[in-house]
Amino acid sequence: MLLVPEEQIKEYTYKGYWGSKTIVDLVFENAHKALDEETLVDPYNRSNLVGGEPRRLTNRQLLEVVDRLAIRLLELGIRRDDIVAVQLPNIVELVISYLALARIGAIITPLSVQSRTYEVEYVLKQCDPVAYITVHEFNKFNHLNMIQDIAPKYPSLKHIICVGNDLPDKVLSFEEIITTPTPSKYGEDYLDGRQSGPNEVFTICWTSGTEADPKGVP
């Protein structure tokens, strides 16, 4: 999704204000320089926040799980410029989700973990996400129950991916996705060229709505 006029892109690029690399470019370039260095670490109290032991990923492991999620998203039919809502706390799955979605050119719309039915429905009405990535439970609130109750109202929302255990049918396990090896039919270059460019929309974020309803900001 390109919202900036071509003339402005050409001018700012020519003057050196804007570059040609994206976040994904920078992460992957630096990761390949130190594949066995630790790069992504969960909060020490993850088990209290969402359950499960804290993860510590090397660059090699990060690239692997990002690509596993990216390919699974493609298998689900998620494509460039599709919008995916992400409601996760600061755990490793949040970073993995951002990079995987960017890898396939999808657009992320992040929601705070404090958002509840009113805020979530407002976002769904505004941008019609095709998938929702969330956590089963955080801070004693069941996020999965919330989105499952809401989802039937929004036909565009076809997939729920959840961090957590004991998930109901039709809810995809984040853990299962990132721990399942990528099928051999996908070559190393399968994801190449799918990400959006540096001048295209990466996220749609939401203002606080202190004076009115929140505004979506690309």
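Y12 is partly exposed, with a relative accessibility of 26%; here buried means under 20% relative accessible area, exposed over 50%, and partly exposed in between, with a 1.4 Å probe and protein chains only. The model is predicted, so local features need pLDDT of at least 70 and side-chain atom pairs count only at pLDDT 80 or more, while totals for chains, interfaces and linings use all residues. Residues are numbered from 1 along each chain as its sequence is written, and side-chain values use heavy atoms, with hydrogens and water left out.

Y17 has a relative accessibility of 56% and therefore counts as exposed. The rings of Y12 and W18 form an edge-to-face pair, because their centres are 4.9 Å apart and their planes stand at 80°. Rings of Phe, Tyr and Trp (its six-membered ring) pair if their centres lie within 6.5 Å; planes under 30 degrees apart count as stacked, over 60 as edge-to-face and the rest as tilted. W18 is partly exposed, since its relative accessible area is 28%. Y12, Y17 and W18 together make up one aromatic cluster. By the ring rule, the structure has five aromatic pairs. One of them joins Y12 and Y17 edge-to-face, at 5.6 Å centre to centre and with 65° between the planes.

Rings also meet charges. A charge sits over a ring if NZ of Lys or CZ of Arg is within 6 Å of the ring centre and within 35 degrees of the ring normal. R116 lies over the face of F141, 3.7 Å from the ring centre, and the charged end of R194 is placed over the ring of Y190, at 4.6 Å from its centre.

The next element is strand 5, which spans residues 131-135 and has five of its five residues buried. Helices (H or I, at least four residues) and strands (E, at least two) are DSSP runs, numbered from the N terminus. In a regular strand the side chains alternate between the two faces of the sheet. In strand 5, A131, I133 and V135 point one way and Y132 and T134 the other way, and all are buried.

Two strands pair if DSSP finds at least two bridges between them. Strand 3 (residues 83-87) pairs with strand 5 in the parallel sense over four bridges, and Q87 stands opposite T134. Strand 5 also pairs in the parallel sense with strand 8 (residues 159-163), over five bridges; there V135 stands opposite V163.
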